[in-house]
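Read the chain from its overall make-up down to single residues, with the structure open alongside.

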Amino acid sequence: MLSVDMENQENGSVRVKNSMENGRPPDPADWAVMDVVNYFRTAGFEEQANVFQEQEIDGKSLLLMTRNDVLTGLQLKLGPALKIYEYHVKPLQTKHLKNNSS
């Protein structure tokens with residue numbers, strides 16, 4: 001099982017530290033389904049992580065997800081779905097775009 005080194009932020013989000021130290025590729029686009037699942041399990045979303053596994057969401061799929069996909073497409077409870085999108089999916093997408101736009 002892969003581990004993720006995370007740091008709680010003041011706004012309730014979690015910042016992932018150097019992911020090479022966490023046993024998975026630094027770019028989420030390269031994550032396998034289990035990398036995504038373990039990322040969310042480590043972030044405290046054990047039940048929701050199983051849905052990502054059932055839906056076979058890998059890193060590329062995760063980066064393509066819209067807010068609506070997370071809030072309604074995965075049929076998660078609204079509270080966790082909002083946190084997953086705002087504090088995890090959206091920041092991963094932004095970081096990926098920033099790192100690959102140069």
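This is a predicted model: local features need pLDDT of at least 70, side-chain atom pairs count only at pLDDT 80 or more; totals for chains, interfaces and linings use all residues.

Residues are numbered from 1 along each chain as its sequence is written, and side-chain values use heavy atoms, with hydrogens and water left out.

The protein contains five helices and two strands; here helices (H or I, at least four residues) and strands (E, at least two) are DSSP runs, numbered from the N terminus. Along the sequence the pattern is β-β-α-α-α-α-α. Of the 102 residues, 41% count as buried, where buried means under 20% relative accessible area, exposed means over 50%, and partly exposed lies in between (1.4 Å probe, protein chains only). Among contacts with a separation of 6 or more, 44% are made by residues 24 or more positions apart, a contact being heavy atoms within 4.5 Å.

Two packed helices are described by the angle between their axes and the distance between the axes. For helix 1 (residues 33-42) and helix 2 (residues 46-54), the angle is about 165° and the axes are 8 Å apart. That angle makes helix 1 roughly antiparallel to helix 2. Axes are lines fitted to C-alpha atoms, for helices over the stretch in contact, with angles running from 0 to 180 degrees between N-to-C directions; under 35 degrees counts as roughly parallel, over 145 as roughly antiparallel, 65 to 115 as roughly perpendicular and the rest as oblique. From helix 1, the residues Val-33, Met-34, Val-36, Val-37, Phe-40 and Arg-41 meet Glu-46, Ala-49, Asn-50, Phe-52 and Gln-53 of helix 2. By class, this contact has seven nonpolar, two polar and two charged residues; Ala, Val, Leu, Ile, Met, Phe, Trp, Tyr, Cys and Pro count as nonpolar, Asp, Glu, Lys and Arg as charged, and the others, Gly among them, as polar.

Within helix 1, the buried residues include Asp-35, Val-36, Val-37, Asn-38, Tyr-39 and Phe-40. Met-34, also in helix 1, counts as partly exposed because its relative accessibility is 37%. Leaving aside neighbours within four places in sequence, Met-34 is in contact with Arg-41 and Gln-53. Its C-alpha atom is 9.5 Å from that of Gly-59, 25 residues away in sequence. Just after helix 1, Gly-44 takes a positive phi of about 100°.

His-88 has a relative accessible area of 3%, so it is buried.

In helix 2, which holds Gln-48, that residue is buried because its relative accessible area is 11%. Setting aside neighbours within four places in sequence, Gln-48 touches Leu-76, Pro-80 and Ile-84.

Finally, Arg-67 belongs to helix 4 (residues 67-73). Arg-67 has a relative accessible area of 41% and is therefore partly exposed. Not counting residues up to four places away in sequence, Arg-67 touches Leu-82, Tyr-85 and Glu-86. The C-alpha atoms of Arg-67 and Tyr-85 are separated by 6.3 Å, at 18 residues apart along the chain.
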